[in-house]
Amino acid sequence: MANLLKTINLDHLEIAPSQIWGAIRLVPLLRKDFRADLRLAKRSYNSQVVVSVDRSTFYHTYVPHGLVLNWSDDGSPVAALGGRLGNKSTDFAGVKVIRRMAQREDQNSLRFLPLEMAMEGFMGMFFHGPTIAWQEYSRRSCSTGLSPRTEYSITGKSISDLSEALRVFEIHENQVGVLLFTGEILATAFIVAHPADYRDLHETLLTDVYGETFYYYGLYGQAQKMKCLIDDQNIHSLADLRSALTTMRQEWSDLQSIMGMDLLQRSIRSQQIYQAGAFSLQRFITDLDKTRNNYIGESIVDDRGDLQYLKIYGLSAVQTRRAYLLQALDRHNWQLEKAAISLNETLPSLVKRIEKADLGYLINNQVREQSAKALRNML
């Protein structure tokens, strides 16, 4: 039985002092005891692709790279084997077609598309649309649901200061991950099992996708320097200085952990994608909370329940509102009036919220016009 993650924590990882460049804060994550029987390597794509999720579902996106997971069944060390795009894809009208988000390639080798699995799962939530042909919905939504559904992201190259920060920041000897903040908001968390893999994958943070919100945090936000809290009045020896440094680093670690509380120790809903020997590849979404930053992501958990891989994507405010509304509609079997009551809304105001969330095409024109008129009369 897979150890499905219920929360994200940084147990067994050390949070090192952060490094700052402009609006970017990178918090190194170190692992003293790391496994050698799980390795990750990059496979370059750098192209538009169409992913065949199943026989009836296709997913079009830009994929800079995939990851190849290699593992052993007996705990023996394995090498990180990535390589180029192999024969598991074809070209169609200049666009690569890839079979599945996660595809086994050898007995102990799995290729998957980082973050794309999480995004596909997020987009697939309530994808079916109304299950009953309620008269309030458009013909399109009743016949095809939310298809095609689209979401927009940016790459790390668009985030101000990130390229320079990745170039100049120090990589620690046992570093296996990082918490990346833009304007003091957690943009991503990236963790792997082995320090050598992190060194090889460090620069992929620049080609990873991010919610567009972090573009603005990078432009207008500013990371604050942490103050040194050592009181020289209490330093009388090298032992005192060593103790004070240890205390200061622990305080920095605690503070940086608190900065990530929108993700850490928060309730998440996980789904297993693949069981690779003792390791479970999963995707997840945080509980949707309009007052906090919300995330989707992927993880690999070992047979002890320890986190060996993590990558997250921060949802924009628009994406959160859209998912929140779809969740409410699905929970009430897509009955608008019941969903409005559960959200403490009037029917016209709910229809307006649906339109503002770029889901107006779900509602037929007559209901939209009546709702707009009702709201004008209330002014």
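**Conventions.** Ala, Val, Leu, Ile, Met, Phe, Trp, Tyr, Cys and Pro count here as nonpolar, Asp, Glu, Lys and Arg as charged, and the others, Gly among them, as polar. The model is predicted, so local features need pLDDT of at least 70 and side-chain atom pairs count only at pLDDT 80 or more, while totals for chains, interfaces and linings use all residues. Residues are numbered from 1 along each chain as its sequence is written, and side-chain values use heavy atoms, with hydrogens and water left out.

**View 1. The largest cavity, with about 80 Å³ of space.** A cavity is a set of points on a 1 Å grid, over the protein atoms alone, where a 1.4 Å probe fits but cannot get out; lining residues have an atom within 4 Å of a point. Grid points are joined across faces, edges and corners, and a volume is the space filled by probe spheres set on the points. The count comes to 2 cavities of 30 Å³ or more. The largest cavity is lined by Val63, Pro64, His65, Leu113, Pro114, Leu115, Glu116, Thr207, Asp208, Val209 and Lys311. Strand β5 (residues 58-71) gives the largest share of this lining, 3 residues. Helices (H or I, at least four residues) and strands (E, at least two) are DSSP runs, numbered from the N terminus. By class, the lining of the largest cavity splits into 6 nonpolar, 2 polar and 3 charged residues.

**View 2. The second largest cavity, with about 40 Å³ of space.** Its lining consists of Gln19, Leu26, Pro28, Phe169, Glu170, Gln175, Val178, Tyr198 and His202. Two or more residues of this lining come from each of β3 (24-30) and β11 (175-182). The class count for the second largest cavity is 5 nonpolar, 3 polar and 1 charged.

**View 3. The second largest pocket, with about 270 Å³ of space.** A pocket is an open set of points with protein on both sides within 12 Å along at least five of seven lines. The second largest pocket is lined by 14 residues, and the closest to its centre are Thr150, Glu151, Tyr152, Arg322 and Asp358. Helix α7 (residues 317-331) gives the largest share of the lining, 3 residues. By class, the lining of this pocket has 5 nonpolar, 3 polar and 6 charged residues.

**View 4. Phenylalanine 190, tyrosine 198 and lysine 311.** The structure holds 5 aromatic pairs. Rings of Phe, Tyr and Trp (its six-membered ring) pair if their centres lie within 6.5 Å; planes under 30 degrees apart count as stacked, over 60 as edge-to-face and the rest as tilted. Phenylalanine 190 and tyrosine 198 make a tilted pair, 5.9 Å centre to centre with 40° between the planes. Phenylalanine 190 is buried at 1% relative accessibility, and tyrosine 198 is buried with a relative accessible area of 0%. Buried means under 20% relative accessible area, exposed over 50%, and partly exposed in between (1.4 Å probe, protein chains only). The charged end of lysine 311 sits over the phenylalanine 190 ring, 3.9 Å from its centre. For this contact, NZ of Lys or CZ of Arg must be within 6 Å of the ring centre and within 35 degrees of the ring normal. Lys311 also lines the largest cavity, and Tyr198 lines the second largest cavity.

**View 5. Tyrosine 215 and tyrosine 216, an aromatic pair.** This pair is edge-to-face, 5.1 Å centre to centre with 80° between the planes. Tyrosine 215 is partly exposed at 30% relative accessibility. Tyrosine 216 is partly exposed too, with a relative accessible area of 45%.

**View 6. A network of salt bridges linking Arg35, Asp37, Asp302, Asp303, Arg304 and Asp306.** A salt bridge is a side-chain nitrogen of Lys or Arg within 4 Å of a carboxyl oxygen of Asp or Glu. The whole structure has 16 salt bridges. Aspartate 37 meets arginine 35 at 2.8 Å, N to O. Both aspartate 37 and arginine 35 are buried. Arginine 304 bridges to aspartate 302, with the closest N and O atoms 3.5 Å apart. Arginine 304 is exposed, with a relative accessible area of 56%, whereas aspartate 302 is buried at 1% relative accessibility.

**View 7. The salt bridge of glutamate 355 and arginine 368.** The side chains meet at 3.1 Å, N to O. Glutamate 355 lies in helix α9 (residues 347-356) and arginine 368 in helix α10 (residues 365-377), so the pair ties together parts that are 13 residues apart in sequence. Glutamate 355 is partly exposed, with a relative accessible area of 31%. Arginine 368 is partly exposed at 24%.
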